[in-house]
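Reader: Hello! Could you walk me through this structure, one step at a time?

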Amino acid sequence: MKKSDRISAYVETLTTAPGLDLDPHYTGFFTCFNRGDYYEAHDVLEQLWLRTEGADHAFFKGLIQIAGAFVHLRKQFLRPDHPKDGRRLRPAARLFALGMKNIAPFAPLHHRLDVGEQIALCARYASALSQNEFTQNPWHPARLPRVELLA
(Lines give C-alpha, C1' and ligand atoms only; values in the text may rest on other atoms or scores of the structure.)
Protein backbone atom coordinates (compact mmCIF):
# COMPACT_ATOMS: atom_id res chain seq x y z
CA MET A 1 0.00 0.00 0.00
CA LYS A 2 1.34 3.43 -0.94
CA LYS A 3 1.88 6.07 1.72
CA SER A 4 -0.83 8.30 0.25
CA ASP A 5 -3.33 5.44 0.48
CA ARG A 6 -2.34 4.75 4.10
CA ILE A 7 -2.73 8.44 4.99
CA SER A 8 -6.10 8.69 3.22
CA ALA A 9 -7.33 5.64 5.13
CA TYR A 10 -6.04 7.19 8.37
CA VAL A 11 -7.82 10.48 7.63
CA GLU A 12 -11.11 8.58 7.35
CA THR A 13 -10.67 7.42 10.95
CA LEU A 14 -10.21 10.93 12.33
CA THR A 15 -12.98 12.85 13.98
CA THR A 16 -13.20 16.08 12.07
CA ALA A 17 -15.33 19.15 12.49
CA PRO A 18 -18.59 18.49 10.63
CA GLY A 19 -20.18 21.23 8.62
CA LEU A 20 -17.04 23.29 8.10
CA ASP A 21 -16.88 22.43 4.39
CA LEU A 22 -13.12 21.98 4.51
CA ASP A 23 -10.90 19.23 3.17
CA PRO A 24 -10.72 16.38 5.72
CA HIS A 25 -6.91 16.39 5.44
CA TYR A 26 -6.94 20.01 6.63
CA THR A 27 -9.32 19.42 9.54
CA GLY A 28 -7.56 16.13 10.28
CA PHE A 29 -4.33 18.08 10.68
CA PHE A 30 -5.84 19.95 13.62
CA THR A 31 -7.31 16.78 15.12
CA CYS A 32 -3.85 15.21 15.15
CA PHE A 33 -2.14 18.42 16.27
CA ASN A 34 -4.45 18.86 19.26
CA ARG A 35 -3.74 15.29 20.36
CA GLY A 36 -0.01 15.97 20.28
CA ASP A 37 0.39 13.70 17.25
CA TYR A 38 2.53 16.21 15.37
CA TYR A 39 4.22 13.78 13.00
CA GLU A 40 0.82 12.43 11.95
CA ALA A 41 -0.49 16.00 11.58
CA HIS A 42 2.43 16.71 9.26
CA ASP A 43 1.75 13.58 7.18
CA VAL A 44 -1.99 14.24 6.92
CA LEU A 45 -1.61 17.82 5.73
CA GLU A 46 1.28 16.92 3.44
CA GLN A 47 -1.15 14.90 1.31
CA LEU A 48 -3.20 18.05 0.71
CA TRP A 49 -0.13 20.26 0.27
CA LEU A 50 1.34 18.01 -2.43
CA ARG A 51 -1.74 18.43 -4.60
CA THR A 52 -2.22 22.15 -3.94
CA GLU A 53 -1.09 24.96 -6.20
CA GLY A 54 -1.28 28.70 -5.75
CA ALA A 55 -1.23 30.67 -2.52
CA ASP A 56 -2.55 27.84 -0.34
CA HIS A 57 0.62 25.89 -1.13
CA ALA A 58 2.63 28.26 1.10
CA PHE A 59 -0.09 28.29 3.77
CA PHE A 60 -0.15 24.50 4.08
CA LYS A 61 3.64 24.38 3.94
CA GLY A 62 3.80 26.78 6.89
CA LEU A 63 1.43 24.66 8.97
CA ILE A 64 3.48 21.56 8.13
CA GLN A 65 6.64 23.38 9.26
CA ILE A 66 4.94 24.36 12.52
CA ALA A 67 3.94 20.74 13.13
CA GLY A 68 7.55 19.78 12.37
CA ALA A 69 8.75 22.21 15.04
CA PHE A 70 6.51 20.49 17.56
CA VAL A 71 7.83 17.09 16.42
CA HIS A 72 11.31 18.32 17.40
CA LEU A 73 10.09 19.60 20.78
CA ARG A 74 8.26 16.38 21.57
CA LYS A 75 11.21 14.17 20.62
CA GLN A 76 13.62 16.31 22.64
CA PHE A 77 11.30 16.18 25.65
CA LEU A 78 11.02 12.40 25.46
CA ARG A 79 14.75 11.76 25.01
CA PRO A 80 16.73 14.82 26.16
CA ASP A 81 19.97 12.87 26.56
CA HIS A 82 19.78 11.12 23.20
CA PRO A 83 22.64 12.20 20.87
CA LYS A 84 20.26 13.30 18.11
CA ASP A 85 16.97 14.07 19.88
CA GLY A 86 18.70 16.08 22.58
CA ARG A 87 19.77 18.64 19.97
CA ARG A 88 16.36 19.40 18.48
CA LEU A 89 15.61 22.76 20.12
CA ARG A 90 17.41 24.98 17.59
CA PRO A 91 15.87 23.17 14.60
CA ALA A 92 12.47 23.62 16.24
CA ALA A 93 13.03 27.38 16.50
CA ARG A 94 14.05 27.52 12.83
CA LEU A 95 10.91 25.67 11.78
CA PHE A 96 8.74 27.99 13.88
CA ALA A 97 10.30 30.96 12.07
CA LEU A 98 9.76 29.40 8.63
CA GLY A 99 6.21 28.39 9.45
CA MET A 100 5.29 31.85 10.74
CA LYS A 101 6.79 33.44 7.63
CA ASN A 102 4.73 31.20 5.36
CA ILE A 103 1.37 31.70 7.10
CA ALA A 104 1.74 35.42 7.95
CA PRO A 105 0.49 36.69 4.56
CA PHE A 106 -2.83 34.94 5.23
CA ALA A 107 -3.66 36.89 8.40
CA PRO A 108 -5.99 37.61 9.97
CA LEU A 109 -8.15 34.61 9.01
CA HIS A 110 -7.68 31.87 6.43
CA HIS A 111 -9.62 28.62 6.05
CA ARG A 112 -11.23 29.30 9.43
CA LEU A 113 -7.84 29.52 11.16
CA ASP A 114 -7.03 32.58 13.23
CA VAL A 115 -3.63 33.08 11.66
CA GLY A 116 -2.62 35.76 14.14
CA GLU A 117 -3.33 33.40 17.04
CA GLN A 118 -1.31 30.66 15.34
CA ILE A 119 1.62 33.04 14.87
CA ALA A 120 1.37 34.13 18.51
CA LEU A 121 1.49 30.49 19.62
CA CYS A 122 4.61 29.85 17.56
CA ALA A 123 6.22 33.09 18.69
CA ARG A 124 5.71 32.14 22.36
CA TYR A 125 7.46 28.81 21.87
CA ALA A 126 10.25 30.29 19.73
CA SER A 127 10.80 33.07 22.26
CA ALA A 128 10.95 30.63 25.17
CA LEU A 129 13.54 28.59 23.29
CA SER A 130 15.80 31.55 22.51
CA GLN A 131 15.40 33.19 25.94
CA ASN A 132 16.74 30.03 27.52
CA GLU A 133 19.51 29.80 24.92
CA PHE A 134 18.05 26.55 23.61
CA THR A 135 18.68 24.73 26.89
CA GLN A 136 15.07 24.34 28.09
CA ASN A 137 12.16 22.85 26.22
CA PRO A 138 8.91 24.81 26.71
CA TRP A 139 6.75 21.91 25.46
CA HIS A 140 5.20 19.50 27.96
CA PRO A 141 2.65 16.72 27.31
CA ALA A 142 0.52 17.93 30.21
CA ARG A 143 0.10 21.30 28.47
CA LEU A 144 -0.48 20.47 24.81
CA PRO A 145 -1.12 23.51 22.65
CA ARG A 146 -4.55 23.54 21.03
CA VAL A 147 -5.59 25.14 17.79
CA GLU A 148 -9.29 25.41 17.06
CA LEU A 149 -10.85 26.34 13.74
CA LEU A 150 -13.50 29.02 13.85
CA ALA A 151 -17.03 27.99 12.95
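Author: Gladly! Helices (H or I, at least four residues) and strands (E, at least two) are DSSP runs, numbered from the N terminus. This is a predicted model, in which local features need pLDDT of at least 70 and side-chain atom pairs count only at pLDDT 80 or more, while totals for chains, interfaces and linings use all residues. Residues are numbered from 1 along each chain as its sequence is written, and side-chain values use heavy atoms, leaving out hydrogens and water.

Reader: Where does glutamine 76 lie?

Author: Look for the run covering residues 55–78. Glutamine 76 lies in that run, which is helix 4.

Reader: Is glutamine 76 buried or exposed?

Author: Buried means under 20% relative accessible area, exposed over 50%, and partly exposed in between (1.4 Å probe, protein chains only). Glutamine 76 has 10% relative accessibility, so this residue counts as buried.

Reader: Which side chain does the side chain of glutamine 76 join in a polar contact?

Author: A polar contact is a pair of N or O atoms within 3.5 Å; within protein, one must be able to donate a hydrogen and the other to accept it, and residues adjacent in sequence count only if both atoms are side-chain atoms. For glutamine 76 the distance is 2.8 Å, and the partner is asparagine 137.

Reader: Which residues of helix 6 does helix 4 meet?

Author: Contact means heavy atoms within 4.5 Å. On the helix 4 side, the residues are Phe59, Leu63, Ile66, Phe70 and Leu73. Their partners in helix 6 are Val115, Gln118, Leu121, Cys122, Tyr125 and Leu129.

Reader: Why does asparagine 102 count as buried?

Author: Asparagine 102 has its place in helix 5, and its contacts beyond four places in sequence include Phe59 and Gln65. Asparagine 102 counts as buried because its relative accessibility is 18%.

Reader: What is the relative accessible area of isoleucine 119?

Author: Isoleucine 119 is found in helix 6. Beyond four places in sequence, isoleucine 119 touches Met100, Ile103 and Ala104. Isoleucine 119 is partly exposed, with a relative accessible area of 22%.
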